Structures are given as structure tokens and as C-alpha cells.
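Colleague: Hi! Could you walk me through this one? I have a few quick questions.

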Amino acid sequence: AVAKVDASAGAAGSSEPELPARVGPLPLAEQIKSGEISYGANLLPGEGAAYAKYVQENKRIPRRGEVGMSAEEIEKFEALGYVMSGSRHKRMNAIRIRKENQVYTAEEKRALAILNHEEKAKRENKIISDFRSLLEHKVKASDKQQDKAPGP
């Protein structure tokens, strides 16, 4: 996701040229908040996001003719011997599997990126807290040294 430059940022008559609000890719945290995730090139607009909604909820992605039915209802029909749509056409089934795999891969990458971001933040916070405690220790030791030293 790339932030767009605000064309109205430079006001007419101002002495200083204003810099654009943001140029380049958004930081990971902002991409996640905005929900702008690329699921691949071979999906229709909105299709990847719709698939991802089911993936994030750990639900089965419904095939054509199954929309509106719960996973339990679909499993009951399949157990009774009904052949649900999408499981009898090899080419359509292959396309569906490829699209689902694209979404699963994008969601796994997103989850991994979030995990790495959180772990990095934890490590940085640990280092900062260690430095603060070291600094406090040094300041206390320095204060004790000054208190013990004879005054002029």
C-alpha cells in the first residue's frame, strides 16, 4: 500500500513549499489497520477479502451454491451423499484451490509479519528498560560518590 500525495497541500501564496503528507509505502502497523492487503493478481476485486474473512474466522470457504449455509449444514448434506457444487468439475476445483491457497498464503504472511513486529517491539522495550535501569543505577552510584566526597 502506498500513501497518496495530497495535491492541495501547498496553499497558494504561502512562502514555504509544503512537503507532501506521506510518500512511499505505509508502515506495517498502518497497513494492517487500514486492511489494505494484497491477496494476489488472479482474484476478482473483493474476492480475496471475502475469502480472508472466512479464513480469519477459521471457517470453511463456501463454494458456489453454498453461500448462506453453515459449514455444519454443508457437511451434513455431503454426509448424506449430496455432491456439493465445486467438487465435481476438475478445472473449477483447481481454480478454487489455487485462489484459496493465495488467500491462505497472504493471511499467513500477514500473521507472521504481525508476530515479527510484536516480537521486535518487545525486544526493543526490553533493551530500553535495561538501559533505563542501568542509567538509574549509575545515577544513584554517582550521587552516593558525591555525598561521600568531602566538600571544599
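Modeller: Happy to. One convention before we start: a residue is called buried when its relative accessible area is under 20%, exposed when over 50%, and partly exposed in between. Also keep in mind that this is a predicted model.

Colleague: Good to know. So is Glu 107 buried or exposed?

Modeller: Glu 107 has a relative accessible area of 7%, and because the cut-off for buried is under 20%, Glu 107 counts as buried.

Colleague: Which helix is Glu 107 in?

Modeller: Glu 107 lies in helix 4, which covers residues 90-148.

Colleague: And what is Glu 107 in contact with, leaving aside neighbours within four places in sequence?

Modeller: With those set aside, Glu 107 contacts Tyr 39, Ala 52, Val 55 and Gln 56.

Colleague: What about charge pairing? How many salt bridges does the structure hold?

Modeller: There are two salt bridges in the structure. In general, side chains of opposite charge can pair when their charged atoms come close. Glu 107 takes part in one, with its side chain meeting that of Arg 110 at 3.2 Å, N to O.

Colleague: How far apart are Arg 110 and Glu 107 along the helix?

Modeller: Three residues, about one turn of helix 4, where both of them lie. Arg 110 is partly exposed, at 22% relative accessible area, whereas Glu 107 is buried.

Colleague: Nice. Which residues make another salt bridge?

Modeller: Asp 130 and Lys 126 do, with their closest N and O atoms 3.0 Å apart. Those two are four residues apart in helix 4, so about one helical turn separates Asp 130 from Lys 126. Asp 130 counts as partly exposed, at 36% relative accessibility.

Colleague: Changing topic: how do helix 2 and helix 4 cross?

Modeller: Helix 2, residues 47-56, has an axis that comes within 9 Å of the helix 4 axis, and the two cross at roughly 65°. Helix 2 and helix 4 are therefore roughly perpendicular to each other. Their crossing is right-handed.

Colleague: Who makes that contact?

Modeller: From helix 2, Glu 47, Gly 48, Tyr 51, Ala 52, Val 55 and Gln 56.

Colleague: How does the contact of helix 2 with helix 4 split by class?

Modeller: Five nonpolar, two polar and five charged residues.

Colleague: Last one, the overall picture. What pattern does the protein follow along the sequence?

Modeller: Reading along the sequence gives β-β-α-α-α-α, with four helices and two strands. Of the 152 residues in the protein, 16% are buried. For contacts between residues at least 6 apart in sequence, 53% join residues at least 24 apart.

Definitions and conventions: Residues numbered from 1 in each chain as written. Predicted model: local features only at pLDDT ≥ 70, side-chain atom pairs only at ≥ 80, totals over all residues. Heavy atoms only, no water. Buried < 20%, exposed > 50% of the residue type's maximum accessible area, 1.4 Å probe, protein only. Contact = heavy atoms within 4.5 Å. Salt bridge = Lys/Arg side-chain N within 4 Å of Asp/Glu carboxyl O. Axes fitted to C-alpha atoms, helices over the stretch in contact; angles between N-to-C directions. Parallel < 35°, antiparallel > 145°, perpendicular 65-115°, else oblique. Left-handed = near helix turned anticlockwise from the far one by under 90°. Nonpolar A, V, L, I, M, F, W, Y, C, P; charged D, E, K, R; others polar.
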